[in-house]
Amino acid sequence: MTSSAGRMTREEAGRLPQVLARVGASHGITDLACKLRFYDDWAPEYDQDVAALKYLAPRLAVDCLSRALRGPPHDALILDVACGTGLVAVELQARGFLQVQGVDGSPEMLKQAQARGLYHRLSLCALGPEPLPNPEGTFDAVIIVGALSEGQVPCSAIPELLRVTKPGGLVCLTTRTNPSNLPYKEALEATFDSLEQAGAWQRLVTQPVDHWELATSEQETGLDTCANDGFISGIIYLYRKQETAQGERGGLSVQPLGDH
């Protein structure tokens, strides 16, 4: 990330205290029903708030995914899980991915996503309590950005992402790595490792990111925010689902990648 990413307009700077308070409140909600109501209320201002927060996860995650998929991007069928207002779809379209479906647990967020006109289909689904509304082996890639934390998508829902992915397809996931989210991250990675040991998928990329989004408080960083320019950190994971048979792929071809 360049230093310009930390700069903001005067209008954004004026709104920043309100934005930090709102985002900090969202991080503190650990009940899913309460969090979904919070997102419903937040939906009309969500995009401008995360812009003020310098939230880079959608772009970085889509970059990671797009590097791993070979072949024409318009041939790839992609599911955007916990799609919110559609920030991931914006990044996907910019890279030529046009067959995108989305699911989210917030009706008001889905209204904002629908208004973008970038999704072929949008479905209301609170992943965790509910399964994904798709048949097994549907998508060339599944991506979930910004929803893997306490009070949102539980670790127990990760196999659902795999279920709807085609054999040989990709699953891209993100989470925050600041101290307040570390217990969830540890449980998440234990789930990932268990699935890999069972032969369900293979890790292709683990990409730490220092500048994920602006910290809402010093408590979120666990140290002086100046040490990381006021940002908290995050991480991107990319996995490939197990093939159905040796040399057989159920979807688009995948470019081999090592850890970043």
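1. Buried means under 20% relative accessible area, exposed means over 50%, and partly exposed lies in between (1.4 Å probe, protein chains only). Trp42, at 3% relative accessibility, therefore counts as buried. Tyr46 is buried as well, because its relative accessibility is 14%.

2. This is a predicted model, in which local features need pLDDT of at least 70 and side-chain atom pairs count only at pLDDT 80 or more, while totals for chains, interfaces and linings use all residues. Residues are numbered from 1 along each chain as its sequence is written, and side-chain values use heavy atoms, with hydrogens and water left out.

3. Rings of Phe, Tyr and Trp (its six-membered ring) pair if their centres lie within 6.5 Å; planes under 30 degrees apart count as stacked, over 60 as edge-to-face and the rest as tilted. The count of aromatic pairs is nine. Trp42 and Tyr46 form an edge-to-face pair, with 4.8 Å from centre to centre and 70° between the planes. Ring pairs join Phe38, Tyr39, Trp42 and Tyr46 into a cluster.

4. Helices (H or I, at least four residues) and strands (E, at least two) are DSSP runs, numbered from the N terminus. Two strands pair if DSSP finds at least two bridges between them. In general, strands of a sheet pair through backbone hydrogen bonds, either parallel or antiparallel.

5. What is the order of the strands in the open sheet? The order is 3-2-1-4-5-7-6, seven strands with mixed pairing. The edges are strand 3 (121-124) and strand 6 (201-214), each of which pairs on one side only. From one strand to the next, the twist averages 15°; axes are lines fitted to C-alpha atoms, for helices over the stretch in contact, and angles run from 0 to 180 degrees between N-to-C directions.

6. Strand 6 and strand 7 (residues 231-241) are antiparallel partners over ten bridges. Gln207 stands opposite Ile236 in strand 7.

7. Gln101 belongs to strand 2. Is Gln101 buried or exposed? Gln101 counts as buried because its relative accessibility is 12%. Leaving aside neighbours within four places in sequence, its contacts include Leu77, Asp80, Tyr119 and Phe139.

8. Helix 4 (residues 57-68) has twelve residues, which at 1.5 Å a residue should span 16 Å; its end C-alpha atoms are 17 Å apart, which agrees. The expected span is 1.5 Å times one less than the number of residues. Nine of the twelve residues are buried, so helix 4 is largely enclosed by the rest of the structure. Among the buried ones are Asp63 and Cys64. The buried residues of helix 4 pack against strand 1 (77-81), helix 5 (87-94), strand 4 (139-144), strand 5, strand 6 and strand 7.

9. How many disulfides does a search of the whole structure find? The search finds zero, a disulfide being a pair of cysteine sulfur atoms within 2.5 Å. Cys83 is buried at 6% relative accessible area, and Cys125 is buried at 4%. Cys34 lies in helix 2 (residues 32-42) and, at 33% relative accessibility, counts as partly exposed.

Definitions and conventions: Contact means heavy atoms within 4.5 Å.
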